[in-house]
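Here is a short report on a protein model with two chains of interest. Look at the structure first, then read on.

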Amino acid sequence: MGPQHPIHPEATLIKLKVEGEHVVDADIDASFVHRGIEKALEHKTYVQGLFLAERICGICNVAHTTCYTLNVEGLAGIEVPQRALWLRLIVEELARVSSHLLWLGLLAHVVGFESLFMLAFRDREVVLDLMEEIAGGRVTSGYNVIGGVRRDIDAATAYKIKSSLAKLKERVVKYRRLLEEDPIVRARTVGVGYLSPSEAKELLAVGPVARASGIAYDIRVNDPYLVHEEVPFNPVVYDTCDAWGRAMVRVGEILESIGMIVYALDHAPSGEIRARVPPVFRPPPGENVTRVEAPRGELLHYVRSDGSEKPYRYKVRTPTLANLPAAISMLKSRGDRVVHIADVPVIFGSIDPCICCTARVLVVNEKGAAKEFQLDELAAKRWAR
Amino acid sequence: MIAEALRAFVYPGIAYMVALALLLEWLDRKIVARLQNRVGPYYAGPHGLLQPLADLIKLLAKEDVVPLGADRILFTLSPIAAFVVVTVAAAFVPLASTSGLVSAEGDAVAVLALITIYLLLVYTAGAASPSRYSQVGAVRAAHMLLGFEIPLMLSCLGVLASAGSFRLSELAARGSVRVFGLHAVGFAIFLIAAQAELERLPFDIPEAEQEIVSGWLVEYSSWRLALFRLARDIELLLLSGLAVTLFLGGPVGPSPPGAEPLLYPLYFIAKAALIVFLFSLVRASTARIRLDQFVTFCWRYLVPTSFAYFALAVLVA
């Protein structure tokens, strides 16, 4: 299936070996669109790099800017005002709601449920309108900047957010009931894409995929990066280990996120929203790693500075990359767990794939063996900047 | 002679059939769109009424491609044969008056046979194209046929047996509604099997866009695709027409004497629209089930129920 296929707008090749309707063996090739963003980041100043980092992924752009700004601020030792952290949390959770609603539409699409697809995308508009109200952009919000956030949320906007989200919450509760009760949706997802807890750990699954396999692993809890200690929420964990569990985790997270946003709007301290940062600054030599819970799972940014105004090395590990081995494992029939061709889109969709952020370059020699590069070797191949 | 030709080709012949079929497609698209909070067909004609026709014309203007490695003869014959088969079958169904365009003793059996032939043509159409998606789709269509064919036949035969006639026009002329009591079961079975036959959600398994792109249809383009789409629309007319004839009393309704030629077509359209409305409701509220689940469902529930229904219908009659 692929690289062009209706289930996924991005170029992904799912190689399947089938016997009739049963999938025997599977592999995924996701390296069709390599954009070289990590390399490009080395040629931008830290402030310029933010705009590039935001465009790594369209849907998780807020997660990427949150991660980038926290990462660079940690490297350069910039103090961020408290209110900015609260506002970042609000926008991040709003983006999570938007992403999960989009995914609910994707799930509906892969099981052939046209109506739910339409409704999920309609309801996502609510969130996008709020995002526009807050940040000015509907999808690529451009809200986080190094040192804080770009705009404040005033009382009128806060009221609007709360009333819109209250309506959205009712609908999401309805969709959760639908997932729990609809016989056909259950028939298509329960037991499909089984990933046992031990396998999830072994294959390093992250985010909702891990949490649906009973692993309570959420960066917001395990390694809080904004003001998560002060905002009450419960990580959603299911132990059904299947596509249905992943759907329930995501829908549950929408409701949790709505609760977090409302709480944060009520309890955010007042004050400055942004520390002034010069457009070009030189952080001291060193390195920094930041982890953020993106809608799709753990997102990791690594930066290394050599004391110049541009990063020496910038590394991004997106959650989809972490979940691909798990997806490949789920696609293979094992024992009495038969994977049908009809299950393939459901399984692949259940990891919420986002491929363009994931593509990697593989350097192979003429015999086809892959070569690994160490950072020093990469540095030796670096052209003059 | 001219009157004969007009009858065969214009009203109530092929042109009328095609127009009616496109109308039903429009109705289906519009209802589903409204249920999904969309607008649906809008631009072509009032309320988008001409959209299905516009789509057909657009398809005819497309480049005609026969993929390399396709069986050229089957690839060309399948769409033509499919169109001919459903059109001939629909000619037996009383659409505008109590009598079909053609009518003969035992024509109900002929219609049922033609429906099966259409499904075989779906298989050959898929098998004639070289694409893997088509092959999978064709095999899926054949598998499904094994599941819903018997219930479809038995639900029709039950009604025919209890009516004591195998002539569709005779059934239509009696105008008796059979959706209560025992025949409610037959009606339900017929509707379920008809949706599988039409490859509509939740039974659009052979096409399954998200899985096998368009299944057996994937390689067809231009006039071949247009013919298949038209055949699908006429099939919708045929099956809703069969349901109307067998269960809803045909085009018969209260009418002042002499006004039947004017009112009966309208009654037929209203009743067929009711059937299409039911189909649209189902399409808008379900997801697609898997092939193995469908076959299991058929053999565990649908086939035994249809046998029981048929036996009871024969006994009562």
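## A sheet in chain A

Strand E6 (residues 297-305) of chain A pairs with E7(A) in the antiparallel sense, over 5 bridges. Strands pair if DSSP finds at least two bridges between them. Helices (H or I, at least four residues) and strands (E, at least two) are DSSP runs, numbered from the N terminus.

This is a predicted model: local features need pLDDT of at least 70, side-chain atom pairs count only at pLDDT 80 or more, and totals for chains, interfaces and linings use all residues. Residues are numbered from 1 along each chain as its sequence is written, while chains are lettered from A and ligands numbered from 1 in the order in which they are written.

In chain A, 3 strands make an open, antiparallel sheet in the order E5-E6-E7. Strand E5 (286-294) and strand E7 (313-317) of chain A each have a single partner strand, so one side of each lacks a neighbour in the sheet. Neighbouring strands are turned by 10° against each other on average, direction ignored. A:Val303 stands opposite A:Tyr314 in E7(A).

Contact means C-beta atoms, placed from the backbone, within 7 Å. Axes are lines fitted to C-alpha atoms, for helices over the stretch in contact, and angles run from 0 to 180 degrees between N-to-C directions.

| Helix of chain A | Strands touched or crossed | Angle |
|---|---|---|
| H3 (residues 61-76) | E5 and E6 of chain A | about 155° with E5(A) |

## A helix pair in chain B

Which helices of chain B have axes that come within 8 Å? They are H6 (residues 132-163) and H8 (residues 182-197) of chain B, crossing at roughly 145°. Among the residues in contact are B:Phe148 and B:Leu152 of H6(B), with B:Ile189 and B:Phe190 of H8(B).

B:Phe190 is also touched by B:Ala243. Not counting residues up to four places away in sequence, B:Ala243 touches B:Leu191, B:Ala194, B:Leu248 and B:Ile275 as well.

## Where the chains meet

The contact takes 23 residues from chain A and 24 residues from chain B. On the side of chain A that touches chain B, H4, helix H5 (114-135), helix H7 (183-189) and helix H13 (343-350) each supply at least two residues. H5(A) gives the largest share, 5 residues.

Technical notes:
Two residues are in contact if their C-beta atoms, placed from the backbone, lie within 7 Å.
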